[in-house]
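Dear colleague,

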Amino acid sequence: MLHRWAYGIAVMLAVGNMTALAEAQPLSLAPVDHGYRTPFDRILRDAPAIDDAAPFALAPNLRRQVVDYPSREAPGTIIIDTPNTHLYYVLGGGRAVRYGIGVGREGFTWSGVETISRMAEWPDWNPPREMIGRQPYLPRFMAGGPGNPLGARALYLGNTAYRIHGTNDPATIGHRVSSGCIRLTNEDIVDLYQRVKPGSRVIVLPGGGHNAGRPGNSGA
């Protein structure tokens with residue numbers, strides 16, 4: 001009888017020690033493998049790795065550089081060479097900073113003279129009605145940030161809907177892709193933003209297309 005009583009006490013003590021030990025162990029955050037995978041798991045598992053070690057590189061003629069550029073325009077003037085997808089910031093003395101740009105696609109180029117009416121860092125994007133009419137799937141509002149099509153900075157041109165702005169897609173630089181806005185890489189628009197000020201003169205040279213002429217309201 002005494003033996004059975006002692007055995008019971010020993011079992012109770014062992015169970016108590018195991019419970020205490022279990023309570024003292026930290027919870028594991030490792031995923032539990034239940035022996036199955038959902039379709040989403042397979043997508044994640046089988047997705048190819050993204051190579052971030054090879055960022056997009058602009059062609060040499062589209063990289064920011066100081067070049068010879070004789071001009072009668074005052075230093076601080078921006079000249080947009082639409083046909084050659086270059087933007088010049090006039091330094092004076094026959095020199096300018098040249099940037100590679102993306103310009104309006106066929107039917108959305110324009111020419112004229114404007115001034116910078118406003119400047120914004122990491123601007124919000126409100127696609128104009130005309131753009132939404134052509135692309136109804138677009139958001140009506142997008143907060144500024146790395147994923148915003150306007151990129152890191154925006155220079156607003158007069159009372160138009162056109163802007164000189166950055167882009168989160170540098171592969172579009174050197175191409176005719178926009179609805180009339182002028183885009184630079186985020187690094188280049190930050191550099192230009194630091195050079196200009198509200199009221200700076202902007203000259204947009206003709207680039208062809210049936211909408212060439214005075215600026216209107218087409219958006220980005």
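**Core packing and cavity**

Beyond its neighbours within four places in sequence, Ile80 is in contact (heavy atoms within 4.5 Å) with His86, Leu87, Ile101, Ile164, Ile182, Val202, Ile203, Val204 and Leu205. This is a predicted model, in which local features need pLDDT of at least 70 and side-chain atom pairs count only at pLDDT 80 or more, while totals for chains, interfaces and linings use all residues. Residues are numbered from 1 along each chain as its sequence is written, and side-chain values use heavy atoms, without hydrogens and water.

Ile80 also belongs to the largest nonpolar core, where Ile78, Ile80, Leu87, Leu155, Ile164 and Leu192 touch the most other members among 25 residues. A nonpolar core is a set of buried Ala, Val, Leu, Ile, Met, Phe, Trp, Tyr and Cys residues joined through side-chain atoms within 4.5 Å; buried means under 20% relative accessible area with a 1.4 Å probe, protein chains only. A second, separate core has 7 residues, including Val67, Ile79, Val90 and Ile203. Buried residues account for 40% of the 220 residues in the chain.

The largest cavity holds about 40 Å³ of space. A cavity is a set of points on a 1 Å grid over the protein atoms alone where a 1.4 Å probe fits but cannot get out, and lining residues have an atom within 4 Å of a point. Its lining consists of Thr82, Val103, Gly104, Phe108, Thr109, Trp110, Gly180, Ile182 and Val204.

Yours sincerely

Terms used
Buried < 20%, exposed > 50% of the residue type's maximum accessible area, 1.4 Å probe, protein only. 1 Å grid on protein atoms, 1.4 Å probe; cavity = no way out; pocket = protein on both sides within 12 Å on 5 of 7 lines; lining within 4 Å. Points joined across faces, edges and corners; volume = space filled by probe spheres on them.
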